Every structure is written in C-alpha cells, then in structure tokens.
Amino acid sequence: FPKNDQFTAYTAFALVEFACVFQGTLVFGALIMNVVQYFSLQKQIFELPKGVFYGDDPVPASYNGPDLRELKEMGTSSVMYAMYFPGIIFWRFLFGSCMLSLMVTLLVGLVVLAVQYAGSFPRIWVFVSQLLFVCSVLLAHFSTRLFLQRCLLRQRKTGLGFRCYCLFAWWELMTCFLGLVLGPLTALYDFFKGALATAISMLIVQKPSFIQFGELSDYVYCTYCALLYLERAAEDARRAPEELGDPLAEQVDLDDYD
C-alpha cells in the first residue's frame with residue numbers, strides 16, 4: 001500500500017472503531033435477549049408440577065423451552081458447578097463477540113480495500129469478486145431448494161406427496177453428482193460454518209453450543225441448567241412450610257455427624 005496514505009490510516013481507524021461498536025452492540029443485545037429468555041423459562045419451570053420436574057410425568061403442552069429431560073439431566077449432574085456460571089458466561093460472551101466482530105470487520109475491511117485500491121491492486125478486487133460469486137452461488141442453491149421443495153412436495157399429516165416424480169428424480173441425481181464433485185469444498189465450508197455457528201451460539205445461553213458428551217459438554221449450558229434446577233428447588237423449599245408443613249432441608253449437627 002502507498003506510504004503516508006492518510007485515507008488508509010483513516011480506514012484502519014474507522015474499522016477499529018466499527019469493531020468496538022459492533023462488539024458492544026452485539027454483547028448488549030445478547031445480554032438483553034438472554035435475560036428475557038431466562039426469566040421466561042424460570043417462570044415456566046416454577047409452574048411445572050413436581051411430578052413433571054422431578055419425576056417422569058408427561059410434559060404439559062404449554063411448556064415452551066429447552067428439552068426438559070436434558071435440562072433436568074444437566075441440572076442434576078452439574079449442581080456443584082452452578083456458581084461457575086457468572087464467571088464463565090463473561091468470558092464466553094467476550095470470546096464469542098470477539099470472534100464475530102473480527103469476522104465481520106475483516107469482511108468489511110476487505111471490501112473497503114478492494115474498492116479503494118481497485119486500480120492499484122487488482123488482485124484484491126479479483127479475490128473479492130470471486131468471493132461474492134461463491135456467495136451468490138450458495139444463495140442461488142438455497143433459493144432453488146426452497147422453490148423446488150415448495151413446488152414438488154406436498155407435506156400432509158397423512159404423509160409426503162410428490163407432484164412430479166420425474167423432476168424430483170432428476171434433481172436428486174444432479175445433487176448426487178454435485179455432492180461428489182463439491183465434497184472437499186463442502187467439507188471446508190462446513191468447518192467454516194461450524195466456527196461461525198459456534199461463535200453465534202456462544203451468545204445464546206439457553207441452547208448448548210454443541211452435542212453433549214459427558215465431560216465434553218458445554219459448561220455454560222450445564223451451569224445454566226444447574227442454576228434453574230437450584231432455583232426450582234429453592235422455590236419448593238420456600239413453599240414447603242406452607243404446602244407440606246415439613247422443610248426439605250435436613251438439620252444435622254456437624255459435631256455428631258459420622
């Protein structure tokens with residue numbers, strides 16, 4: 001790039017400012033969304049009968065939230081980790097927002113540089129144009145799938161109906177060959193989507209960022225479930241003297257405890 005280019009220095013400063021504002025807005029929006037979702041879910045859990053929350057009774061149709069069976073399993077197995085939540089949610093929001101802000105800022109900066117130095121550095125514009133072309137192909141593929149699915153398929157309560165078997169067969173054959181040709185690119189694209197999806201899901205606490213595998217689980221989601229489980233238990237303990245006349249906690253003298 002040319003030396004002493006004031007426009008380039010101004011662009012770099014503007015990108016840094018954009019990244020900070022974008023990250024702050026992202027964190028603030030995620031915070032508001034998660035607080036609203038948390039209190040909404042907490043209210044639903046408090047209203048569940050004990051046989052549903054602690055037992056195996058069927059979940060009411062009015063319940064609208066994460067899978068209750070998974071929430072109870074994560075909550076009961078992570079009760080001792082509940083107070084990890086305030087600390088790790090801070091770092092999770094920080095890392096997730098930094099990743100998203102970096103991705104968006106790099107894309108914006110690349111487009112700005114390509115437009116600014118289209119004549120001096122044509123390779124930058126060639127790279128950006130190729131990237132835009134790939135994005136347009138992906139968008140066209142997505143739109144075509146939605147259009148064909150709407151035109152060819154009839155999804156009913158009694159089953160799945162096809163309006164034209166011949167066209168559906170040709171479409172399946174074409175996608176089969178495309179899968180063989182574009183397999184390596186699709187694999188790389190899936191890795192990129194996985195990183196992007198992980199960064200986005202790091203800002204959504206109510207759902208796990210990935211599939212749970214025992215100790216290889218999402219600690220934020222586990223501690224989130226543990227907090228809800230403890231709050232439900234505390235609410236039951238608060239109501240116990242009024243409803244049951246018997247406290248849930250057991251009073252034990254530690255000097256005599258064996």
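This is a predicted model: local features need pLDDT of at least 70, side-chain atom pairs count only at pLDDT 80 or more; totals for chains, interfaces and linings use all residues.
Residues are numbered from 1 along each chain as its sequence is written, and side-chain values use heavy atoms, with hydrogens and water left out.

**Architecture**
- Eight helices and two strands occur in the chain, in the order α-α-α-α-α-β-β-α-α-α (DSSP runs: H or I of at least four residues for helices, E of at least two for strands, numbered from the N terminus).
- Of the 258 residues, 26% are buried (under 20% relative accessible area; exposed is over 50%, partly exposed in between; 1.4 Å probe, protein chains only).
- Contacts (heavy atoms within 4.5 Å) between residues at least 6 apart in sequence join residues at least 24 apart in 67% of cases.

**Aromatic pairs**
- The whole structure holds 11 aromatic pairs (Phe, Tyr or Trp rings, the six-membered one for Trp, with centres within 6.5 Å; planes under 30 degrees apart are stacked, over 60 edge-to-face, the rest tilted).
- Y38 and F39 are edge-to-face because their ring centres lie 5.7 Å apart with planes at 85°.
- Y54 and Y229 also pair edge-to-face, at 6.1 Å centre to centre and 85° between planes.
- Y54 lies in the loop between helix 2 (50-53) and helix 3 (68-77) and Y229 in helix 8 (residues 219-243), so this pair ties together parts 175 residues apart in sequence.
- Y54 is partly exposed at 38% relative accessibility, whereas Y229 is buried at 17%.

**Aromatic cluster**
- Y38, F39, F85 and Y224 form one aromatic cluster, in which Y38 is buried at 14% relative accessibility.
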